[in-house]
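This report goes through selected local features of one protein model. Have the sequence and the structure at hand while reading.

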Amino acid sequence: MRNFLTKKLNKRWIGFIIIFAIFVVTVWSSNKIVQELKREEHKRVENYAKSLELISSSEFLDSRTQDFLFKLIEDNKTIPVALIDDKGNISDTKNIDESITNNEAQLKKYVLAMKRDDQIIEVDLPEGKNYVYFKNSKLLNQLQYYPLIIILLILLFFGFAYWYFKTVRDTEKSYLWAGMAKETAHQIGTPLSSLMGWVELLKLEDIDQMSVIEIEKDVDRLKHIADRFSKIGSTSELKQNDLIATTKQTVTYISQRISKGIEVNFTADVDECIINLNASLYSWVIENLMKNATDAMQNKGVLDISIHTKGKFVEILVSDTGSGIPTKLQRKIFEPGFTTKKRGWGLGLSLAKRIIEEYHKGKIFVAKSSKETGTQFKILLKK
């Protein structure tokens with residue numbers, strides 16, 4: 001078991017390392033592309049500035065050279081630039097939105113933001129020193145956020161994959177346990193029918209009928225258990241039943257069959273509570289909780305079952321004075337196959353959760369648990 005847990009833990013760490021490596025490679029490669037584009041844009045602006053300087057400072061350039069320089073200037077169709085003289089006046093702009101260039105106040109604010117970015121190239125023009133301010137193109141700005149988008153998509157992908165496979169796994173487990181429950185009911189059915197026949201024959205014999213009556217009770221109990229198992233995985237029929245009476249009947253039955261060292265108390269704040277209920281399956285839940293509490297207390301302690309009506313819900317509390325459930329196990333105890341007992345299938349609480357939450361659309365959970373005070377399970381059902 002220890003080796004299995006170690007291998008499982010190692011697999012998780014390997015998974016985390018792989019995901020982290022993907023993040024690092026993605027960020028590194030994307031950042032490299034961004035830096036390359038940034039350098040390329042800087043060179044284009046330098047060519048733009050040098051072309052301005054040559055065209056304005058030389059009167060003896062041939063037409064082909066001038067055409068080439070003008071082409072260099074016109075080739076910049078994406079990088080926002082502004083030409084500023086030594087007095088801070090804006091001489092020219094390029095690739096800046098018209099809504100900004102048509103508003104003098106907004107344009108000054110925009111140019112000031114360019115200056116703060118510290119992307120400035122100095123040019124010598126006939127009228128004196130000028131400066132070309134520029135900003136990153138829209139494409140470059142978008143690429144700067146590209147790593148974050150990729151990481152978010154990767155996280156979403158892994159999150160969806162985890163949710164999907166967990167759902168598939170849980171569904172498979174659910175079908176597995178439902179199939180086992182139905183098969184158990186089927187296997188019990190054959191010898192049960194035979195036992196019922198033998199009981200009827202014993203009634204006709206000249207023997208102590210008190211023993212026969214007790215045997216008949218146990219056979220009826222087995223029949224009831226088989227009926228419960230057969231309902232697992234089927235559509236549950238909810239009928240109007242008295243929750244108080246059903247719970248009290250179950251508590252009374254189990255109280256007579258557990259250790260005499262367990263003090264069982266039952267209380268309810270109302271005499272009657274009629275709700276939609278599958279009495280047989282609900283009784284199974286109470287039985288499981290009571291039996292688990294008995295095991296937790298090692299057949300000595302106090303077991304309290306109480307019912308409280310609160311607004312649209314009915315609250316059923318099952319409290320024991322046992323050793324408590326560690327916090328890290330409180331979620332796992334409802335998983336199919338999970339058990340801390342040396343002998344056990346790990347079916348009881350899993351089926352209890354399914355009966356309450358899937359069939360009755362209620363809730364069942366550990367309300368509180370500690371070594372000092374024991375454990376309290378809470379069930380919430382709609383009225």
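## A loop proline

P326 has a relative accessible area of 42% and is partly exposed. The structure is a predicted model, and this applies to each value given below. P326 sits in the loop that runs between β9 (313-320) and α10. Its C-alpha atom is 7.7 Å from that of S369, although P326 and S369 are 43 residues apart along the chain.

## Salt bridges

How many salt bridges does the structure hold? There are 7 salt bridges in the structure.

| Pair | N to O distance |
|---|---|
| R39 and E36 | 2.8 Å |
| K129 and E122 | 2.5 Å |
| E358 and R354 | 3.3 Å |

R39 and E36 belong to helix α1 (residues 2-57), where a spacing of 3 residues separates them by about one helical turn. R39 is partly exposed, with 45% relative accessibility, and E36 is also partly exposed, at a relative accessible area of 43%.

E358 and R354 are both part of helix α10 (residues 348-359); they are 4 residues apart, about one turn of the helix.

## Helices α8 and α9

Helix α8 (residues 243-255) and helix α9 (residues 279-296) have axes that come within 9 Å of each other and cross at roughly 45°. The crossing of α8 past α9 is right-handed.

Which residues of α8 and α9 meet? On the α8 side they are L243, T246, T247, T250, V251, I254 and S255. On the α9 side they are A279, Y282, S283, I286, E287, M290 and K291. By type, the residues in the contact of α8 with α9 comprise 7 nonpolar, 5 polar and 2 charged. E287 and K291, both in α9, count as charged.

Most residues other than glycine have a negative phi. Two residues with a positive phi are described here.

Q298 is a residue other than glycine, yet its phi is positive, near 55°. Q298 lies in the loop that joins α9 to β8 (301-310). Is Q298 buried or exposed? With a relative accessible area of 67%, Q298 is exposed; the cut-off for this class is over 50%.

K361, another residue that is not glycine, has a positive phi near 55°. K361 is in the loop between α10 and β10 (363-370). The relative accessible area of K361 is 56%, so K361 is exposed.

Notes. Residues are numbered from 1 along each chain as its sequence is written. This is a predicted model: local features need pLDDT of at least 70, side-chain atom pairs count only at pLDDT 80 or more; totals for chains, interfaces and linings use all residues. Side-chain values use heavy atoms; hydrogens and water are left out. Axes are lines fitted to C-alpha atoms, for helices over the stretch in contact, and angles run from 0 to 180 degrees between N-to-C directions. A crossing is left-handed if the near helix is turned anticlockwise from the far one by less than a right angle, and right-handed if clockwise. Contact means heavy atoms within 4.5 Å. A salt bridge is a side-chain nitrogen of Lys or Arg within 4 Å of a carboxyl oxygen of Asp or Glu. Buried means under 20% relative accessible area, exposed over 50%, partly exposed in between (1.4 Å probe, protein chains only).
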